[in-house]
Amino acid sequence: MSPEPAAPLATIAAALRRERERVGISLTELARRAGVAKSTLSQLESGTGNPSVETLWALGAALGVPFSRLVEPDHDGVRVIRAGDGPRVRSEQADFTGTLLSPGAAHLRRDVYLIELEPGAVRAADGHTPRSVEHVVVAAGRLRVGPEAASVELNPGDYATFPGDAPHRYEALAPGTFAVLILEHP
């Protein structure tokens, strides 16, 4: 699946170049570390690619930065994101869209997302940075979430937390499922 029209392609391109140069590795080396084709990475750095959630997570992990650092421009002052706006990125595994609402600042170390899911395929997530923790509150629909061996079903208003540094899953159990995801990372 490709990004929604509001996906921040120019922001992603600039962030990938900036973070790759900060780490001091070549395009080829980053592609190898992330398990992404060099041509795909080249397209993303030029702002012409179609990144999925999975590709951006893999690149962030290879660069040692949270997903939010790749999709969110810097902001000062009051910030409002209207429903349906914001940097939206779709999954290539399932009908799953993540919208970054608030990236974690260096001293906060947390990102806030609105996630939208539809029944069908499962969004399987690799583990994130060591000691990361996910917090999920379901706003509508029903959701199965958590580590494969210990996933739980949540209804509207339910909250769950689980280690984000191990493989985990998101699966909509009802149409129109959406939730708030808070990812804490060191």
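Reader: What makes S6 and strand S9 count as paired?

Author: Happy to explain, and please keep in mind that this is a predicted model. Two strands pair if at least two bridges are found between them. S6 and S9 (residues 168-172) have five bridges, in the antiparallel sense, so they pass that cut-off.

Reader: Why is the span of helix H1 called close to the expected one?

Author: The expected span is 1.5 Å times one less than the number of residues. H1 (residues 9-23) has 15 residues, for which 21 Å is expected, and 21 Å is what its first and last C-alpha give. After H1 comes Gly-24, with a positive phi near 80°.

Reader: Which residues of H1 are buried?

Author: They are Ile-12, Ala-13, Ala-15, Leu-16, Glu-19 and Arg-20. Each is called buried because its relative accessible area is under 20%. These residues pack against H2, H3, helix H4 and helix H5.

Reader: What is the angle between helix H2 and helix H3?

Author: H2 (residues 27-34) and H3 (residues 38-45) pack at about 115°, with their axes 9 Å apart. Leu-27, Thr-28, Leu-30 and Ala-31 of H2 meet Lys-38, Leu-41, Ser-42 and Glu-45 of H3.

Conventions
Residues numbered from 1 in each chain as written. Predicted model: local features only at pLDDT ≥ 70, side-chain atom pairs only at ≥ 80, totals over all residues. Heavy atoms only, no water. Helix = DSSP H or I, 4+ residues; strand = E, 2+ residues; numbered from the N terminus. Axes fitted to C-alpha atoms, helices over the stretch in contact; angles between N-to-C directions. Contact = heavy atoms within 4.5 Å. Buried < 20%, exposed > 50% of the residue type's maximum accessible area, 1.4 Å probe, protein only.
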